[in-house]
Amino acid sequence: MTTTETPFVLRIDDPAAVASPLLGGKFGSLAEMTAAGFAVPPGFGVTTSAYRYFLAESGLADAARAVRTEARGADLARVQELSAEFSARIEDATVPAALEDAIRTSYARLEEEAGSARLPVAVRSSGESEDLAGASFAGQYDTFLWIRGADDVLTHVRRCWAGMFGPAVLTYKPEATADAVLDDHGICVGVQQMVEARSAGVMFTLDPVTGDRSKVVVEGCWGLGEGVVGGGVTPSRFVVDKVTFEVVRRELAPQESAYGVDPATGVVGLVPVAEDRRELPCLTDEEIDELATLAKRIERHRGAPQDIEWAVSEAGDVHVLQVRPETVWAQRRAEQLVAAPKSAVGHVLARFSGTGVATGKRPS
Amino acid sequence: MTPTSPGPLPFEPARAVPGKRFASPFAVTTPPGAEGWESMYPYYALLSSERAELEDGKFWFFDGMHNPEPLYPFDTIMTENWWVAVSQMSTRVWPIPLAGGIDHRIINGYLYISPNAVTDADEIAARAEDFAVRAGHYYENWDEIYAQWVAKATDCIERLKGIHFAPLPDKEPESAVFAHRGLYSSYDLLTRYSELIHNLFEMGSYHFEMLNLGYGAYLTFREFCQAAFPGITDQTIASMVSGIDIMLFRPDDEVRALARLAVELGVTGPLLGTEDPAAALAAVAGAPSGDRWVEAFEKAKDPWFWFSTGAGYQHSDRAWIDDLRLPFTALRGYIKNLLDGQDIDRPLEAILAERVRVTDEYRTYLPTEADRESFDGLVELARQVFPFVENHNFYVEHWHHSMFWSKVRELGDVFVAHGFLDDREDIFYLHRNEIYSALYDLNIGWATGTEARGVTYWRPEVERRRRIREVLKANPPQPALGVPPEYITEPLTVMLWGINQESVQEWLGSEDQDPNRLNGVAASAGKATGRARVILDPEQLHEVEDGDILVCRITAPSWAPVFSRLSAAVSDVGGIMAHTAIVCREYGLPAVVGTGFATTTIKTGQLIEVDGGNGVVRVLEDVTA
């Protein structure tokens, strides 16, 4: 059933993966980043075709549409009920053998390349429409970290599929998104080698609060980036001027616990930060500079402001974990800064009379 | 001068109240040992009971930038000059719509200044009309007026150079008799002194002819950049407009050129052989081709070594020309660099290329075409006015003021020669009007042959003043006094002293922690007011009602369904990229995250206000019954 047109699995370093809708927004972007030479950890996507094939083969496709339709407009209790029922059906269904084989083979290849059996990977959903319809779907999809072994990978791929019917996804609907788009959107599940992050976080190639495009805003913490992305850890924040690379603002947050792998259980959770690191910034000035440079390159490559997840390993290597278009300011009509266009002398004369040159729409 | 104390006050001077006001200027006490300090300064620069109400109600800040130490009586000439020269531009010449003059008072020897604001709307409008015509004329003809300015300033300096002071002769020379002038050394001494003082006031007036307008154009560009690129540094803004060939770089450039010439002529040995400039000069003069170097050195020295090591407002700010050790240290460094094969040229092309890159790149980050057009126009205007803004500093504060102080020292020698003072430097303990009196006293003594009163009067008085000034110097001033202003509109205040609402607030200190206010990270802009809904457990989410403000530890993705019902959100932890913040921005909800204590200090039902642009949450009203 796997054909070159509709493969079940696509590696992000496969030239065919670039711009392929089969990987969803998130993973498709990573394929593009990989092709452009950015340091993206290796991985593969279980494609949207695979997801549709699974629904069709297990006879759940019609039921899925019915659940979505009913959830729309239902009260929260009913949505939760629908979600629980349908998620259970997905997790109980059998994965078709051809699909299972494709996933196992691809995982084995990652293990082989890394030279590590039971290679830890991150398994996460990558929705078809999440980056396209003007909504970031922030946090609406699942991410499972530090998954080891093919069996566990398979289990979590299925959980990601089930996550498509979580109550939040069933009700999440920013204004601009049409029902039809939501009804039919598929999902890819990305399987990607974990970076054992010393520090990690997110960065925006504009100031997300003011829309100022001359800044890169980096938020980071010790350990895995889940703390920043999920909001569980107050991150340190660095506002970098894109032109001069000065750090124009620095808000350091002391950090007592970080997301990491508990060595005993192999489970990702909050672990204590080493005493001597708690009060220290999670990034050196050189790393902040490197991240800002990277952010600028990615923005230039993609031609628009971006939201980037990154990680720095203990060795100091910077990795790109996720790239997606910034969705909030991209949606807004650019607000003109000057209150009324005037000659330069006109602006200055007005300034002396108490009329500022800018309307001050930007909160600072 | 008559010692002046403020006299009885109609009120009890207020003490400082943190967060609210500074101490009344009348609450400042004279440190023990400095009693009578008022006698060193003119009556109009002192606080008085008659003007107490006015003086008590104003905001005064210490001008530590120009005069970090207690003023020498003579040095008040500089501050008195701009008291008029700056203020008249704002009030009588342009006038500047929002800004009045800048008032001065000397308190415990330190200069405090207070900008006057114009607040009446009709008056502002009337002033704006005149201002547009008059200032508009200057902006439209800037380059031509600047060329005229340079000619006036240079002429003023030439005339200053021509003023000389010498002790009065025992006997008038025959030439004075046979020329039939009918005027003698006594008259010349007085008129030269008047000439000196008026020369300072003349340059002082030129100083501010164009400065406010130059600063205004720059400030407008700066405000534009700060609004467009919040957090952009002043240094970066300046780098987009400042010139590379400004006069303040010339002294150093001249030293580089002299270093190159020394290498070319093979006279580096004598220059490196000693740290004493006089010895080095003598050694070079004796070396083959050394005369060519000395000639170049003398040419460079005037005017470029009239280069003050301070702001130029105090006589103690010495210039290179008074003390050649500084330029010679630099010279030896450059010579060594050249001998080591290093390049000592300033990378002018690289600096210019960087200026173009920085300006062009910021331009691309502007939101609209209209903004890019405004940016282009403002950069161009700022670059046009900046040569004056930067170069006036060399003409006035360095070249003219340094030469002025040296002329006053020449006059100090006259007083030493006539037995009034022990040291030429002591002249600075006399106010300029006292010097005029002392010169007349000197003339009387010279004319009559009777010992001048000054011979016994000034030495002890200078000693008394020296002691007082030492005590004042050991008692540093408070940064500000009086009642903080609502607005600061005077452009020089903002531009030069960097004084704005924020710095005033910082000086005021914070009031005791306001229990109804929480600060956090400004995560999603906008303001909203509503009832607080404290959610500690997702089970409580169904309690959320339309218009509520969510108050929580953190939010989770699963909470998405309630966001459409909220008017704002507040969390204890998180940054601007936390889930709460991202979702709030998507929904256009104001959000403050990372407040630390929202869930423990705010109660469900309280009316609260969320200011998402500034990261502030306020409790407006307690739980209603």
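Me: What does the domain assignment give for chain B?
Reply: For chain B of this predicted model, the assignment gives domain 1 (25-134 + 475-507), domain 2 (141-242 + 369-417), domain 3 (247-345) and domain 4 (517-621).

Me: How far apart do the C-alpha centres of domain 1 and domain 2 of chain B lie?
Reply: Those two centres are 22 Å apart. Domain 1 of chain B puts 13 residues into the contact, and domain 2 of chain B puts in 11 residues.

Me: Which elements give two or more residues to the domain 1 side?
Reply: On the side of domain 1 of chain B that touches domain 2 of chain B, they are helix 2 (76-93) and helix 18 (491-497) of chain B. Helix 2 of chain B gives the most, with 7 residues.

Me: And how do the residues of that side divide into nonpolar, polar and charged?
Reply: The side of domain 1 of chain B that touches domain 2 of chain B has 11 nonpolar residues and 2 polar ones, with no charged residues.

Me: Turning to chain A, what is its mean pLDDT?
Reply: The mean for chain A is 86, and 90% of its residues reach 70 or more.

Me: Where does pLDDT stay under 50 in chain A?
Reply: One such stretch is residues 132-136 of chain A, with 18 contacts beyond four places in sequence in the model. Another is residues 360-364 of chain A, with 15 such contacts. Where pLDDT is low, the predicted coordinates should not be read in detail.

Me: Which domains does the assignment give for chain A?
Reply: Chain A has domain 1 (9-193), domain 2 (197-331) and domain 3 (335-364). The C-alpha centres of domain 2 of chain A and domain 3 of chain A are 35 Å apart.

Technical notes
Residues numbered from 1 in each chain as written. Chains lettered and ligands numbered in written order. Predicted model: local features only at pLDDT ≥ 70, side-chain atom pairs only at ≥ 80, totals over all residues. Domains from an automatic or database assignment. Contact = placed C-beta atoms within 7 Å. Helix = DSSP H or I, 4+ residues; strand = E, 2+ residues; numbered from the N terminus. Nonpolar A, V, L, I, M, F, W, Y, C, P; charged D, E, K, R; others polar. pLDDT = per-residue confidence, 0-100.
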